[in-house]
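Here are my notes on the model, point by point. Please keep the structure open while you read.

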Amino acid sequence: MPYLGSEDVVKELKKALCNPHIQADRLRYRNVIQRVIRMSKLDQWGQAEVLNFLLRYQPRSEEELFDILNLLDSFLKSGSPGVVMGATKLFLILAKKFPHVQTDVLVRVKGPLLAACSSESRELCFVALCHVRQILHSLPGHFSSHYKKFFCSYSEPHYIKLQKVEVLCELVNDENVQQVLEELRGYCTDVSADFAQAAIFAIGGIARTYTDQCVQILTELLGLQQEHITTVVVQTFRDLVWLCPQCTEAVCQALPGCEENIQDSEGKQALIWLLGVHGERIPNAPYVLEDFVENVKSETFPAVKMELLTALLRLFLSRPAECQDMLGRLLYYCIEEEKDMAVRDRGLFYYRLLLVGIDEVKRILCSPKSDPTLGLLEDPAERPVNSWASDFNTLVPVYGKSRWATISKCQGAERCGPELPKTSSFAASGPLIPEENKERVEELPDSGALMLVPNLQLTADYFEKTWLSLKVAHQQVLPWQGEFHPDTLQMALQVVNIQTIAMSRAGARPWKAYLSAQDDTGCLFLTELLLKPENSEMQISVKQNETRTETLNSFISVLETVIGTIEEIKS
Amino acid sequence: MISQFFILSSKGDPLIYKDFRGDSGGRDVAELFYRKLTGLPGDESPVVMHHEGRHFIHIRHSGLYLVVTTSENVSPFGLLELLSRLATLLGDYCGSLGEGTISRNVALVYELLDEVLDYGYVQTTSTEMLKNFIQTEAVVSKPFSLFDLSSVGLFGAETQQSKVAPSSAASRPVLSSRSDQSQKNEVFLDVVERLSVLIASNGSLLKVDVQGEIRLKSFLPSGSEMRIGLTEEFCVGKSELRGEEKGSVSPWGYGPGIRVDEVSFHSSVNLDEFESHRILRLQPPQGELTVMRYQLSDDLPSPLPFRLFPSVQWDRGSGRLQVYLKLRCDLPLKSQALNVRLHLPLPRGVVSLSQELSSPEQKAELAEGALCWDLPRVQGGSQLSGLFQMDVPRLPGPPSHGLSTSTPPLGLGPTSLSFELPRHTCSGLQVRFLRLSFRPCGNANPHKWVRHLSHSDAYVIRI
């Protein structure tokens, strides 16, 4: 227990959060919680700690909920960002059924967040920017009027600039698009090539909504004739043409001439793809491709050669006269001289395809040239606030969702060690569980007089044999949402003396687990848990070697409680 | 919570290492951190890093890395706040924070850490509380020397203005007075503003942003009450204009109103008299404290300190680029700006630079593809100019259009300025008075130093 200012504070907290008797008495629990909130002598660390503890408390009624929110209101005005963010998180989680309260809180936290974004401490600034992005995912217009705060200054470190560009890209709207684009254009000529490229990609992102202005800026950038800029612009064009077909004409007019400034593989692939797919609109397309064919021997990237093959064949279909000869040369080279197997196979494939007949080639190669619907799919839909409320003010937004997933995955194995006492404690004394579950767990031993034997040893073979020989005595479906750690479940089951015989690894779909337990009369319970992600429910099948309904029922309620508790802890 | 805490020098040498929970790794973690930090790809942020179930969170402060590791998913805001509070605390106790002072005061630092953190949980960071537990005296580095200006920090000394510092306060530990009673009772109050500005190429103002704070460094014995009077016309929020109440003709009251958008105060500040008289009351603990932070955007009461009038002539054919910069300083006549540096990125491949500057103390040079123009001192109301000629041999672009003045070559600009403005606040906020309610030791009046300072955060002018 951290030191929270004074002795009585610690006493209060201990009373509130560690004493099951108080938790059982609703009124008392509620009073203590309110006293804890009202404690005035806390310093900022104590406040942050209290806010963290309160995340575990579930108010009984709406009235109580708003009481608590009112009491906590002053925390939102605190001068310490840690306390403000902690309070915000608590508000978001407590008010999960009241979206307007959540929006209100996010409006109020705007000021402190923006202040942190322009703070002198770069580290704080970075973390705040990550959280701004998180909020923008749910409320896209939330920071639009403050777009100027996210302009980069040249002395800032790279990682802050990149975050700011991302934020700018996400908050753009009709009113500020002109200024934001002007600012981003300035970044495109930055000395740092990485930053310049990030800015160009950002313009490409905005182009999905404001196509004309962005394409014009990108075209101007081609005029710079700098390699690192041209290659990224061409890649942006490729993605853009696919998503927004209306800009094809403008892109095709901008392309001639830029082949001289592209040296890297990604840029070449993008250019060749564009020439192949939209070649009929670009007058000099065959001649540009011819250059590539001439130099194919010195080309180092197999991916470029593959792209070249496909593009040339496509162009051959629309402009046969100009391409026939070089297509022949390219195919000859790929089949006879090329050492890379994939390229050679692709060459052979196209050669045989041509042998079948030109109609067949057309049927196969002339796929649609754009797919605007893909943009909708790629566009991250507005996520509800509740989907990230529990991640707010943690490391998750700082790492980013995807990186966090890989981190927690590789941590998963190590984790079950240190987490063990925590998960197992819920059945014993249980400061962690909200009180309803607590009551349920406590009730159990009295209700069915079911005593499960600890340390039941059952081999997998014996289990399998028994399982196959018995009929399902009871089948039931429980609601289940999202991910969970099988280890946690296993630990929890062990506490109530249910052994795990076998289970699929985490993340497997469908996920299965086989459990066994025995009560003091020798009656065996064999259980199968089946989790199918698509119906988001857990199917439980229980088999029993002696048919006794009352023990069966109490066994099932034990199982239900454990799974229900895990589900709630997780959420 | 926090598993380990360590401090690394700027070169990666561990200066302080403390393991609170004994749950992860050993001393080589510090090395691992530095290796990870230096090997990080450019687009990833070093603030939070992950290695085998351990998160590293660090801040850089005065060239040192202050790092904590944790294996839990903690609040990043809280941890960063703790780190910067630790930095201030160490600075208070050791005099100033730096590689030298830390390595001279290792015992003191460990003692402090023991009291601040227990098993990875914060116990207290208040100077008042800690004072009772800390026994070790700080080892003060060396006597203040007039020639060594690098030891003069922000407090109590103006960097170039007056070469005589009032005392060696900046590098004096707060709590070393036990043996040395003769030291003065001093209190330093700084109003510091950071200015970020963006000006479009046609001279119109796109963005102004002022971040200000009032910082206090007190050497007074704790318990003495202090009253800080701010400018009376000070008001918060867009609508509130205090002048109207006074019934004067102008809505701004007597003088120009001082308006800020948002204010936050330190929790120890008593605001009873703030509404009526703009007075902050507080009992400051010894050491450094940020009394008030405020922000102001888009609407400055005073003109911007600098205006730049550039003209660019560019001959594509010969690759000759001529930039004429005229810098006007719009500060009041008595004020001046120090350490002004103008930074102008140039197109790639610029080789030679010839310059004509308006006064001899200025200096201009090419550095990292940019032009740097240094002006050590600019008087308010003055106007300075510089003519720069450069050769850009392979400046890309379509064939010659002859002399062009309208379209500058891409890659030129935007200009950014950095400077300090002593005795000037851009918002106009001033400290009217600083009063101490009772005389602490009776021996002498405490010395009070009040200072106003603005400096540039990002002052960008597009060309």
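1. A word on the source. This is a predicted model: local features need pLDDT of at least 70, side-chain atom pairs count only at pLDDT 80 or more, and totals for chains, interfaces and linings use all residues. Residues are numbered from 1 along each chain as its sequence is written, chains are lettered from A and ligands numbered from 1 in the order in which they are written, and side-chain values use heavy atoms, with hydrogens and water left out.

2. Next, the fold. Chain A has 28 helices and five strands. These are DSSP runs, numbered from the N terminus (helices: H or I, at least four residues; strands: E, at least two). Of the 571 residues in chain A, 50% are buried. Buried means under 20% relative accessible area, exposed over 50%, and partly exposed in between (1.4 Å probe, protein chains only). Take the contacts (heavy atoms within 4.5 Å) in chain A between residues at least 6 apart in sequence: 65% join residues at least 24 apart.

3. Two backbone angles deserve a look. A:Gln225 has a phi near 55°, positive although the residue is not glycine. A:Gln225 sits in the loop between helix 13 (211-222) and helix 14 (227-243) of chain A. Its relative accessible area is 40%, so A:Gln225 is partly exposed. A:Asn393 has a phi near 60°, also a positive value in a residue other than glycine. The loop that holds A:Asn393 runs between helix 22 (372-378) and helix 23 (396-399) of chain A. Is A:Asn393 buried or exposed? A:Asn393 is buried, at a relative accessible area of 7%.

4. Now the interface. Chain A gives 55 residues to the contact and chain B gives 59 residues. The area buried between them is about 4,800 Å², and carbon and sulfur atoms give 57% of it. Buried area is the accessible area (1.4 Å probe) that two parts lose on being put together, summed over both.

5. Last, the charged pairs. Four salt bridges link chain A and chain B. The rule is a side-chain nitrogen of Lys or Arg within 4 Å of a carboxyl oxygen of Asp or Glu. A:Glu183 forms a salt bridge with B:Arg462, with the closest N and O atoms 2.4 Å apart.
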